[in-house]
Amino acid sequence: IEEDNPQRETHMEKLKYEPLFETKKGKGRILYRLFTTSLFCGIILIWIYRLCNIPNSGENGRYVWIGMLGAELWFSFYWFLTQSVRWNRIYRHAFRDRLLMRYENELPRVDVFVCTADPAIEPPIMVINTVLSVLAYNYPPEKLSVYLSDDAGSELTFYALLEASHFAKHWLPYCKKFNVEPRSPAAYFASLSISDQSDADFSKMKRLYEEMENKIDVVCKAGTVSDQAKIEYKGFSKWNSYSSKKNHAAILQILNDSRDEETKDVDGVRLPTLVYVAREKHPEHFHNFKAGAMNALVSLVPVAHRISEILNKPVDDFVDYNVQLRVSSEISNAPVILNVDCDMYSNNSNAIQDALCFFMDEERSREIAFVQFPQSFGNATKNEVYGSLRVIDEVEFHGADGYGGPLYTGTGCFHRRDTLYGREYSTEARIDLKRACPEKMEENVHELEESLERLASSTYDLNNTQWGNEIGLKYGCPVEDVLTGLTIKCKGWKSVYYRPKRDAFVGVTATTLDQILVQHKRWSEGDLMILFSKYSPVWYGLGKLNPGLVLGYLIYCLWSPNCWATLYYSIVPSLCLLKGISLFPQVFFCLFIITSS
């Protein structure tokens, strides 16, 4: 053993200078390129056949034939777009052991934003399972802050979060003691077999969870919080009889403060900071949906000189920004932000460390703005008839990563906070993520809550600020996440797509036709709006983005127009078949089937 120690020390010393992540090219890329090239030659033969066999004027089926030619030209063009991201697939691997060896005591603070909007659609018990899963990350608790943004301002959701804050004192030590995965209580208990449920610690924890779940269910069924609960916790005084989902005052409650030495779990370990935020809503003011909720949480450093440094503009241009302090800046102001939807719990307790490997590598991290994890679903149907993102997650995003990074999809994404401020990439500027934890403020929690509620007012964005324009998530688009990611990359930044062996996040997806139609309508409408906006990847991204990435964005921007050719190709040939009009050549019938699928 003594002889091996010098070798081990030498090996450990080498690891300190090894990269924190590696990138590998996808297997079989050359064969795939040869295959697609030969397939394209077949497509050209189809065009030649169509052009050379157009029925003469007056012949039956002439205009139908021309329509088929137009549809096939469109399919060929759209097929070319999809191949652009499949030719350059790359795969990444993070080395958490090297990260901890190098920066274990210098890990940056992380803010986690969980967003919910309607307790009727997003049950509070589901919301707090997501919150508990991110509270239990394998990360120093004094450097972790979790914010729940409740856009409905529901006292039911707040009550559920209050109960979860008590349960977390038992759940977090249990997760660390037994290395629990996943750390969403509901998912964890459902994943175990009956033989695994005989342990005394397990039985106690499950009983505590069921007690909390029953309390929340009773309140949700009643539609209101009991008077006894309101007396026990004065935070409920923020709600009144006039409060509603679309009309309520700003509410901010700090349930756990990691800087407070008395905020500890049952084992005496400090708990992460936990904050409830409901921004003010008023019928007269447009609230900008999720983008407005996120911007109410994202902070801005309250110094004009700092803003000047971030946006590379004169100090005089930002005198109005001096007052722009948002909620999380006064509480934690972490340099790294994770945002997740309330229906997508953390399935991997090491996800933060994985993301930091891409942010903290000494040589290659300075140009990375955000790290996007894939969306996985636990309720997908057997054949994934609705809601499948398999092709996007397993193929297209890996290809986009080879050209500068995937789209920002709005959940499961780690951001550098400064990039959300509109900061342009510079090879000279370095963003220090290893800033010290904030000291405890002299004012008490209640005074801090009162002072911060004005930052979540419904008029804050309207007071001559650049929120939603140059700063924060972009306003005016149904897919504000895709638009925000596009503008960030047009400022010189890149993104990373990381798909670990164990899914980082697992959520729920649409399982019925009406749900998927509503979801796809919003996506297709928003992507088409981006195409014709001033931020279109065609003209706004030209010269700023890799040409392959521009083509990758066009796959989604042209998703909705693709329906016209699809409808024509699906309906018209069937009608012509009934009338005996031949539209397909017998020799190339199989090739037609391949290229039109």
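Two strands are said to pair if DSSP finds at least two bridges between them; strands themselves are DSSP runs (E) of at least two residues, and helices are runs (H or I) of at least four, numbered from the N terminus. Colleagues, the structure above is a predicted model, in which local features need pLDDT of at least 70, side-chain atom pairs count only at pLDDT 80 or more, and totals for chains, interfaces and linings use all residues. Residues are numbered from 1 along each chain as its sequence is written, and side-chain values use heavy atoms, with hydrogens and water left out.

I begin with a sheet. Three strands form an open sheet in the order S8-S13-S10, with mixed pairing. At its edges are strand S8 (344–346) and strand S10 (376–377), each pairing on one side only. Between S8 and strand S13 (residues 505–507) the pairing is antiparallel, over three bridges. Within it, methionine 344 stands opposite glycine 507 in S13.

Next, the nonpolar cores. Such a core is a set of buried Ala, Val, Leu, Ile, Met, Phe, Trp, Tyr and Cys residues joined through side-chain atoms within 4.5 Å; buried means under 20% relative accessible area with a 1.4 Å probe, protein chains only. Which residues touch the most other members of the largest core? Among its 77 residues, they are Trp171 and Phe414. Helix H6 (residues 155–178) supplies the largest share of this core, 13 residues. Another core, of 27 residues, lies apart from it and includes Val479 and Leu549. Beyond its neighbours within four places in sequence, phenylalanine 414 has contacts (heavy atoms within 4.5 Å) with residues including Val336, Phe370 and Phe505.

Phe370 is also one of the residues touched by proline 406. That proline is found in the loop between helix H14 (390–401) and strand S11 (413–416). Is proline 406 buried or exposed? Proline 406 is buried, because its relative accessible area is 0%.

I close with the aromatic rings. Rings of Phe, Tyr and Trp (its six-membered ring) pair if their centres lie within 6.5 Å; planes under 30 degrees apart count as stacked, over 60 as edge-to-face and the rest as tilted. The whole structure holds 34 aromatic pairs. One of them, between phenylalanine 21 and phenylalanine 358, is tilted, at 4.8 Å centre to centre with 45° between the planes. Phenylalanine 21 lies in strand S1 (residues 21–25) and phenylalanine 358 in helix H13 (residues 351–359), 337 residues apart. Both phenylalanine 21 and phenylalanine 358 are buried. Elsewhere, ring pairs join a cluster that includes Phe167, Trp171 and Tyr209.

Conventions: Buried means under 20% relative accessible area, exposed over 50%, partly exposed in between (1.4 Å probe, protein chains only).
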